[in-house]
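Here's a quick tour of a few spots in a protein model. Have a look at the structure first, and then we'll go through them one at a time.

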Amino acid sequence: MIFRELADSLKAGKIVTKPLPVVFTSIFTANSQSFLISTLKYNPGKEIQKLKIPVLVIGGSTDLQVSEAAAVQLSKMNKYSTLKIINQMNHVLKKAPADRLSNFNTYNDPGLPLHEAIIPILTDFVQTKFKN
């Protein structure tokens, strides 16, 4: 129940100052709560609809935070969008297995490179959509 209270507080724009369970303390610092509050006021679907330029929506098949279906749906909300789903890529753009714990462990490993497919996708998108 504490997570629901925390989420509701952040959605209301309020930082939680009461002691949190240990599992949340490193994730929900005052700074990270401020960041979350600032991002929660935006609806990605509404924001992408405002864009009148080429948009690249990249999803990962092992993303723990944004599902493939959500990436597909977001892409459909803008006629200028291009969708790319990268197999075995997670939310932090690294190659990751579907296993949650192994996937999550990639979040804190700065030695892991970006997924090898992302740079060619970005390069191709910029070169084809923004040529002079």
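Let's start with asparagine 78, which sits in the loop between helix 5 (68-76) and strand 2 (81-86). Keep in mind that this is a predicted model. Is asparagine 78 buried or exposed? Its relative accessible area is 5%, and the cut-off for buried is under 20%, so asparagine 78 counts as buried.

Who does asparagine 78 touch? Skipping its neighbours within four places in sequence, its contacts are Ile48, Gln49, Leu51, Ile53 and Val55. Polar atoms of its side chain also pair up with the backbone of leucine 51 and of tyrosine 80.

Now hop over to serine 9, in helix 1 (residues 2-11). Serine 9 has 17% relative accessibility, and that is under 20%, so this residue is buried too. Once neighbours within four places in sequence are set aside, serine 9 is in contact with Lys14, Ile15 and Val16. With lysine 14, the side chain of serine 9 reaches the backbone oxygen.

| Side chain | Backbone atom | Distance |
|---|---|---|
| Asparagine 78 | Oxygen of leucine 51 | 2.9 Å |
| Asparagine 78 | Nitrogen of tyrosine 80 | 2.6 Å |
| Serine 9 | Oxygen of lysine 14 | 2.8 Å |

Last stop: the greasy part. In soluble globular proteins, nonpolar side chains tend to be buried together. The largest nonpolar core here has 7 residues: Leu6, Leu10, Val16, Leu20, Phe24, Phe28 and Ile37. Take phenylalanine 28 from that set: leaving out neighbours within four places in sequence, phenylalanine 28 is in contact with Phe3, Leu6, Leu10, Leu20, Gln33 and Leu36.

Conventions:
Residues numbered from 1 in each chain as written. Predicted model: local features only at pLDDT ≥ 70, side-chain atom pairs only at ≥ 80, totals over all residues. Heavy atoms only, no water. Helix = DSSP H or I, 4+ residues; strand = E, 2+ residues; numbered from the N terminus. Buried < 20%, exposed > 50% of the residue type's maximum accessible area, 1.4 Å probe, protein only. Polar contact = N/O pair within 3.5 Å; in protein donor to acceptor, adjacent residues only side chain to side chain. Contact = heavy atoms within 4.5 Å. Core = buried A, V, L, I, M, F, W, Y, C linked by side-chain atoms within 4.5 Å.
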